[in-house]
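Here's a quick look at a ligand site and the sheet beside it in the write-up. Have the sequence and the structure open as you read.

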Amino acid sequence: MASPSGDLKLFETLVNSVTIGPGSHDRMEVRAPFTGAVLGALPAARAEDVELAVRSARPAQAQWAERPSRERARIFLRFHDLLVGRQEQALDLIQMESGKARAHAFEEILDTAIAARYYARRAKKFLRPRRRKGALPLLTHTRELRVPLGVAGFITPWNFPLTLGITDAIAALLAGNAAIVKPDPQASFTALWAANLLREAGLPENLLSVVTGDGPVTGQALVDRADYITFTGSNRVGRTIAARAGERLTGCALELGGKNPLLVLRDADLRKAVEGTVRACFVGAGQVCVSTERIYVEEPIFNPFLEALAARTRRLALGAAFDYSMEVGSLTTAAQFARVEEHIRDAVDKGARIVAGGGRRPDLGPLFFEPTVLTGVREGMKVFAEETFGPVVSVYPVASVEEAIERANATDFGLSASIWTRDARKGARIARAIRAGSVNVNEGYSAAWGSIDSPIGGMKASGLRPRHGAEGILKFTESQTIAVQRLIPIAPSFGMSQAFFARWMTRLLRILRWTPWLG
Ligand code: NAD
């Protein structure tokens, strides 16, 4: 494995850009999943450091909110260009922190560039004041404004160091907010790199800070101080954050886990379905919120599909390389590695069968695990209903499309789903019956995720308030209605009695009922 040059110096520079106050801080060592080598030691920010970041952000935010949208947008378009131009450095960094394959790291470049361009171009339109109708025609001049919330906090996971480390903050910043990001320690270097790049693109000082640290101390301190919290991570932590935000009456957005189903209908193009399924299951070694963990295949094609899936899975190029030669990379953390092994062991002990993979690969690196396909999975096995968040998928035969839909929906989660069929219209019809925030037809996950003009998030226990589209930026604002009353008040006037006013208004209500163009 060729190691990118100059990396250790880069990590040192990034550590020095963490927002912390004076005094000594505990350090958290971060290791590279590919090798286990130490990349650097991040300072663990305390509550007072977070307080300092919030306090410094407030005056910067007040000035920023006054800047015209076009000026703000220009900075993010410059960021887009810098990111695309320096992608090799970002790719090295993402791979070093996450252990994912380069092609999967590139998806993060793509996604972040798309988000920066989209919101830079569209923010003005989403945020512009809108004329609204008053209670009675002509008498009230009403405008709906979109006001930034102030300082938005972001608590992010380790699986998408760049995408999840920065894209939600981009939308919040463009809406006129300041942003403070608390990334997972295993993804902090990339978040710091992106924040530095934004500063280079022209973002004012103190408007965006990265505070590194653990969840219970640094994350909690941010939840207790920010004017809005966006959390991406596990359901367990998401619930505690929502409760805490609720106590403060602070808004929050939650992007949580899934147990994502994929349906293969009897008329599917087998070759395309297998290829798409392999990508959907093993992208990021399965450590992707929208990756597939359950596959339901109509019985007539169950055996050929399973055989082809197992064969393609065994052929996947697994390994550590800072180029595009590998198809799947490493798991990211030792905890995740242990969870994957535990889920497989539990399933096999209770009667499931491994048809591909199933073993660790210490010859490739400490956290490499073979992409694994299971059959014979039943209720009561951990892998049946719990999110594994690893390269493990269970394949089930189903007698009909109705059974596939019923089983796909038989979960508390509702994040993402995929359907494979030659009849795209039928696929779209079935998609409406699936309770998931995004459903892809003849694609694993990226068609919906990449459709940035449309919101994406979780139904049921998979989340609250989506990202992307208009909702992805408007959630970082509050609405304010300004109504200017003209000529006469909406009350008795000119000596009119209450009774006369009521009669007059009743007549008007009847007129408005039959004149839709007026109200
Ligand atoms: P996690 O919940 O353990 O950690 C996420 C973040 O929360 C980290 O920054 C962590 O330091 C912080 N945190 C932990 N405890 C905290 C606390 N008590 N208070 C405040 N912050 C705290 O999740 P993870 O293991 O890093 O990520 C994996 C999970 O994230 C999976 O369930 C996956 O499905 C989900 N995920 C969802 C999406 C989505 O868009 N829906 C995207 C990526 C990952």
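## The sheet

E5 and E8 run parallel, with four bridges joining them; strands here are DSSP runs of E with at least two residues, helices are runs of H or I with at least four, and both are numbered from the N terminus. Within this pair, Gly153 stands opposite Ile229 in E8. Both strands belong to an open sheet of six, ordered E7-E6-E5-E8-E9-E17, with mixed pairing. Strands count as paired if DSSP finds at least two bridges between them. At the edges sit E7 (208–210) and E17 (463–464), each pairing on one side only.

## What you're looking at

This is a predicted model, where local features need pLDDT of at least 70 and side-chain atom pairs pLDDT 80 or more, while totals for chains, interfaces and linings use all residues. Residues are numbered from 1 along each chain as its sequence is written, and side-chain values use heavy atoms, leaving out hydrogens and water.

## Around the ligand

The shell around the ligand holds 27 residues, and Thr156, Lys182, Ser234, Leu256 and Glu387 come nearest (a residue is near if one of its heavy atoms lies within 4 Å). H8 gives the largest share of that shell, four residues. By class, the shell has 13 nonpolar, nine polar and five charged residues; Ala, Val, Leu, Ile, Met, Phe, Trp, Tyr, Cys and Pro count as nonpolar, Asp, Glu, Lys and Arg as charged, and the others, Gly among them, as polar.

## Polar contacts

Which atoms pair up with the ligand (N or O pairs within 3.5 Å)? A polar side-chain atom of Ser234 is 2.6 Å from a ligand oxygen. From the backbone, an N or O atom of Leu256 lies 2.8 Å from a ligand nitrogen.

Notes
A polar contact is a pair of N or O atoms within 3.5 Å; within protein, one must be able to donate a hydrogen and the other to accept it, and residues adjacent in sequence count only if both atoms are side-chain atoms.
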